[in-house]
Amino acid sequence: MKAVFSCNPKRIINGLSSAIQCCSDIECILWLPTSKPVMDMFDEVSPDLFFCDSDFFSQELEIALQNNPQTRFISIGNANGFSINPHLAIGNSGTDKFPEIPASPAANLAQINRGSYDEKLACDVICITNNINHDKTVQMILNYLCEKYKTKIFGDQRVKQDNYIGKVDYQTHSNAIKSASVLVDFDGGSWCDACAMGTVPLIFSKNSHGSIDTFSKLTELKDKLDKHIKNPTGEPMLKALVANNTYFDMASQVLSFFGLSECSQELFSMKASLL
């Protein structure tokens with residue numbers, strides 16, 4: 001069985017493809033729309049499952065899907081404006097036109113489960129620049145963190161800080177989270193990975209996030225950072241927050257929907273061994 005994913009930097013695409021890639025009977029393929037036309041990709045691959053971000057919906061995709069009725073089409077994002085209804089959507093539209101699984105941040109266990117403490121990466125605060133809106137406010141917060149705390153920054157998006165260590169591989173990514181006291185989350189999703197690793201997250205947001213502390217002002221940031229550095233939440237409690245909120249769970253839902261119960265169970269078993 002072949003599963004094709006439209007390739008973009010969004011966290012949900014990365015998380016789902018990483019999880020489904022762990023299935024022994026499914027071959028995962030990343031399709032880069034800018035390098036290969038969609039109809040050429042369908043002709044070459046003939047996917048059984050096609051996960052496509054709504055950013056890439058087009059008339060060419062409509063034709064490709066019509067010519068390949070055996071392909072199960074899973075949309076990610078808002079599919080209401082597309083001429084073809086997906087077999088399944090992952091989003092939050094609340095539509096009744098097609099089945100939909102809620103899209104929410106989740107822990108990417110397939111990539112971050114092997115992390116271990118590394119003295120060279122040890123720090124008070126870790127920040128990840130993947131998928132962030134790097135505006136003046138975020139830059140001001142990063143400046144403050146680097147000035148007041150032992151801070152390390154890494155990720156795909158370069159920032160103007162001596163503390164920025166650049167892009168890293170998955171192992172270093174995992175080790176860096178595990179070696180920090182607190183992860184400051186600017187993207188609204190990396191807090192899940194922090195919980196799975198047993199590292200305290202702190203989310204930059206004006207909205208509440210249940211048991212996870214948030215901040216929108218520097219004064220809030222300082223008070224909450226100091227609290228968590230001195231008295232960190234226990235690892236079992238943090239892991240419990242994402243016990244049923246991983247991309248293994250989301251991928252299992254998708255596979256179960258299409259009757260792939262053995263693949264779904266394989267992911268559940270794998271998740272249990274990782275979290």
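I began with strand E7 (residues 123-128) and strand E9 (residues 180-185), which pair in the parallel sense over four bridges. For my notes, helices (H or I, at least four residues) and strands (E, at least two) are DSSP runs, numbered from the N terminus, and two strands pair if DSSP finds at least two bridges between them. The model is predicted, so I note that local features need pLDDT of at least 70 and side-chain atom pairs count only at pLDDT 80 or more, while totals for chains, interfaces and linings use all residues. Residues are numbered from 1 along each chain as its sequence is written, and side-chain values use heavy atoms, with hydrogens and water left out.

**Entry: the sheet**

I then followed the whole sheet, which is open, has five strands in the order E8-E7-E9-E10-E11 and is paired in the parallel sense. Its edge strands are strand E8 (151-154) and E11, each of which pairs on one side only. Helix H5 (residues 136-148) packs on this sheet and touches E7, E8, E9, E10 and E11, with its direction at about 140° to that of E8. Here contact means heavy atoms within 4.5 Å, and axes are lines fitted to C-alpha atoms, for helices over the stretch in contact, with angles running from 0 to 180 degrees between N-to-C directions.

**Entry: the whole chain**

I counted eleven helices and eleven strands in the secondary structure of the protein. The C-alpha trace spans about 60 × 40 × 35 Å along its principal axes. The radius of gyration is 20 Å, which agrees with the value near 19 Å that a compact globule of 275 residues would have; the radius is taken over C-alpha atoms, and the globule rule is 2.2 Å times the number of residues to the power 0.38. Of the 275 residues, 49% count as buried, where buried means under 20% relative accessible area, exposed over 50% and partly exposed in between (1.4 Å probe, protein chains only). Among contacts between residues at least 6 apart in sequence, 58% join residues at least 24 apart.

Helix H1 (residues 11-20) is mostly covered, with eight of its ten residues buried, including Ile12, Leu16 and Ile20. Which residues does Asn108 contact, leaving aside its neighbours within four places in sequence? I found Arg11, Asn14, Gly15, Ser18, Asp193 and Tyr247. Asn108 lies in the loop between strand E6 (100-102) and helix H4 (109-112), and it is buried, with a relative accessible area of 5%. I also looked up Ser190, which is found in helix H7 (residues 190-197) and counts as buried at 3% relative accessibility. With neighbours within four places in sequence left aside, Ser190 is in contact with Arg11, Ile128, Leu183 and Asp185.

**Entry: cysteines**

How many disulfides does the model hold? Taking a disulfide as a pair of cysteine sulfur atoms within 2.5 Å, I get a count of zero. The sulfur of Cys195 is too far for a bond, because the closest cysteine sulfur, in Cys192, is 6.8 Å away. Cys263 is likewise in no disulfide, and its nearest cysteine sulfur, that of Cys23, is 4.7 Å away. Cys195 is buried at a relative accessible area of 0%, and Cys263 counts as buried at 9%.

**Entry: aromatic rings**

My search of the whole structure gave twelve aromatic pairs. Rings of Phe, Tyr and Trp (its six-membered ring) pair if their centres lie within 6.5 Å, and planes under 30 degrees apart count as stacked, over 60 as edge-to-face and the rest as tilted. Phe57 and Phe73 have ring centres 5.8 Å apart and planes at 70°, so this pair is edge-to-face. The pair links distant parts of the chain, 16 residues apart, with Phe57 in the loop between strand E3 (49-53) and helix H3 (59-67) and Phe73 in strand E4 (residues 72-76). Phe57 counts as buried at 18% relative accessibility, and Phe73 is buried at 1%.

Phe204 and Phe215 have ring centres 5.3 Å apart and planes at 35°, so I recorded this pair as tilted. Phe204 is in strand E10 (residues 200-204) and Phe215 in strand E11 (residues 214-215), eleven residues apart. Phe204 counts as partly exposed at 24% relative accessibility, whereas Phe215 counts as buried at 1%. Lastly, I noted one aromatic cluster formed by Trp31, Phe42, Phe50, Phe56, Phe57, Phe73 and Phe82.
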